[in-house]
Amino acid sequence: ATRRGGGGLITKGIKDNLTRQPYVVGDAVNWGEFLKYLNPMDQEEMKEDNWFQKLSAGIKIPMVVLMRLSSPVVEHGATRHGWCKPASLVQVTLAPVLLVWCVLLHGWPDMSPATVHISFASALVVGLLFAGVVHVTSNNAQQPSYHGALAFLGFTTSIAWIYALAAELIHLLQTLGAMMDISDTLMGLTVLAFANSVGDLVANLAMAKAGMPGMAAGACIGAPTLNLLLGCGSATLLGNLLVASPYPFELNLQLYVSLLFLVFILIAMLIYSFTNNFEVGRNFGSILMLIYGAFIITCLGFEVWGGHHLLTANIGPQVRDGSFDLRKFEPEPQIHK
């Protein structure tokens with residue numbers, strides 16, 4: 001349920017900045033225009049929507065309002081590039097608070113309550129100082145010269161929102177795994193992996209159908225490479241800085257099997273490509289899909305056969321010294337508190 005507007009892809013029923021009427025010109029802060037800025041509902045669009053589209057738009061309202069309160073948007077196709085002085089005042093005030101909240105969300109879980117309160121108070125003071133500067137140096141009639149710089153603040157707060165939502169998704173998956181007695185590793189290899197990749201899958205299929213197979217193949221290889229190198233690299237770096245140095249990485253059986261499958265798939269793709277002069281057909285796609293099916297079946301089989309404790313036990317020391325034997329391995333019993 002989407003439509004194309006001058007600013008790109010717009011969710012139907014959610015009002016974008018391009019369709020807003022020009023703001024009232026004046027130096028005073030017009031809070032009525034601020035309420036119009038926050039209102040995400042497009043009455044004309046809502047009249048044409050069915051009940052499902054109206055329900056979907058209604059569910060999105062709280063999140064859209066929160067994001068508009070904290071993320072500045074610069075739109076070159078809108079009146080005065082989407083400048084709204086009261087909205088900018090609120091955004092520069094709340095942006096530091098949002099960033100501090102996201103940093104404290106997982107960065108320092110053992111921080112004392114007094115330090116947390118001081119951090120939030122300091123962020124609020126910084127935000128109010130920025131808001132004072134914006135209020136003094138701007139007006140409603142025209143966007144200020146530094147309006148474009150607010151786009152960088154909007155980008156930063158958008159990353160913060162993505163981080164916060166991703167953290168909540170991880171918590172939800174951990175809760176579901178604990179309720180169904182499924183290991184975190186299996187949840188990550190199946191549910192979370194599919195959720196992360198379904199967007200890339202749709203985009204790559206669209207590029208392939210549009211006659212751009214090289215771009216689709218490059219995206220298939222580039223996206224996992226980015227996730228693997230930057231994801232593992234940043235996680236390891238932050239783990240060493242915030243948790244412990246060296247970071248205690250535990251190699252469990254599920255990850256070990258996944259690494260073996262990854263190496264096997266890369267070698268198989270290289271061999272197939274070289275032997276077929278880098279021309280791929282249906283057989284190549286069928287082979288890759290069969291290998292992925294075998295991977296999922298293997299992971300599920302280990303989960304059912306070995307149980308939660310076997311898959312999550314640290315087998316790194318035994319693998320390094322060559323003493324690991326799956327037939328004789330017995331994980332230490334875990335005491336649930």
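Predicted model: local features only at pLDDT ≥ 70, side-chain atom pairs only at ≥ 80, totals over all residues.
The expected span of a helix is 1.5 Å times one less than its number of residues. Helix 5 has 25 residues. From its first C-alpha to its last, helix 5 reaches 36 Å, close to the 36 Å expected at 1.5 Å a residue. Its buried residues are Ala123, Gly127, Ala131 and Val134.

**The chain as a whole**

The chain holds 11 helices and 2 strands. From the N terminus on, the order of elements is β-β-α-α-α-α-α-α-α-α-α-α-α. The chain has 337 residues, and buried residues make up 29% of them.

**Helix 3 against helix 6**

Helix 3 spans residues 51–70, and helix 6 spans residues 150–180. The two pack at an angle of about 140°, with their axes 10 Å apart. That angle makes helix 3 oblique to helix 6, because over 145 degrees is the cut-off for roughly antiparallel. The crossing of helix 3 with helix 6 is right-handed.

Which residues meet here? Helix 3 brings Met63, Leu66, Met67 and Ser70, and these meet Thr157, Trp161 and Leu165 of helix 6. By type, the residues of this contact divide into 5 nonpolar, 2 polar and no charged.

**Helix 9 and its surroundings**

Helix 9 runs over residues 253–275 and has 23 residues. Its reach from first C-alpha to last is 33 Å, close to the 33 Å expected at 1.5 Å a residue. Buried in helix 9 are Leu253, Gln254, Val257, Ser258, Phe261, Tyr272 and Ser273. After the helix comes Asn277, whose phi is positive, near 55°.

Ala268 also sits in helix 9. Its relative accessible area is 27%, so Ala268 is partly exposed. Ala268 and Ile287 are 19 residues apart along the chain, and their C-alpha atoms are separated by 9.6 Å.

Ile291 belongs to helix 10, residues 282–312. Is Ile291 buried or exposed? At 12% relative accessibility, Ile291 counts as buried. Leaving out residues up to four places away in sequence, Ile291 touches Phe261, Phe264 and Ile265. Of these, Phe261 is one of the buried residues of helix 9. Ile265 is 26 residues from Ile291 along the chain, with 7.7 Å between their C-alpha atoms.

Pro246 lies in the loop between helix 8 (213–242) and helix 9. Pro246 is exposed, with a relative accessible area of 68%. Between Pro246 and Thr236 there are 9.1 Å in space, C-alpha to C-alpha, and 10 residues in sequence.

The C-alpha pairs above are set side by side here.

| Pair | Separation in sequence | C-alpha to C-alpha |
|---|---|---|
| Pro246 and Thr236 | 10 residues | 9.1 Å |
| Ala268 and Ile287 | 19 residues | 9.6 Å |
| Ile291 and Ile265 | 26 residues | 7.7 Å |

Gln91 is found in helix 4, residues 85–106. Gln91 has a relative accessible area of 2% and is therefore buried, the cut-off being under 20%. What does Gln91 contact beyond its neighbours within four places in sequence? Its partners are Tyr37, Arg68, Leu69, Ser70, Ser71 and Pro72. One of them, Ser70, also takes part in the contact of helix 3 with helix 6.

His147 is in the loop between helix 5 and helix 6. At 4% relative accessibility, His147 counts as buried. Neighbours within four places in sequence aside, His147 is in contact with Val73, Val74, Arg80, His81, Gly82 and Trp83.

Methods: Residues numbered from 1 in each chain as written. Heavy atoms only, no water. Axes fitted to C-alpha atoms, helices over the stretch in contact; angles between N-to-C directions. Helix = DSSP H or I, 4+ residues; strand = E, 2+ residues; numbered from the N terminus. Parallel < 35°, antiparallel > 145°, perpendicular 65-115°, else oblique. Left-handed = near helix turned anticlockwise from the far one by under 90°. Contact = heavy atoms within 4.5 Å. Nonpolar A, V, L, I, M, F, W, Y, C, P; charged D, E, K, R; others polar. Buried < 20%, exposed > 50% of the residue type's maximum accessible area, 1.4 Å probe, protein only.
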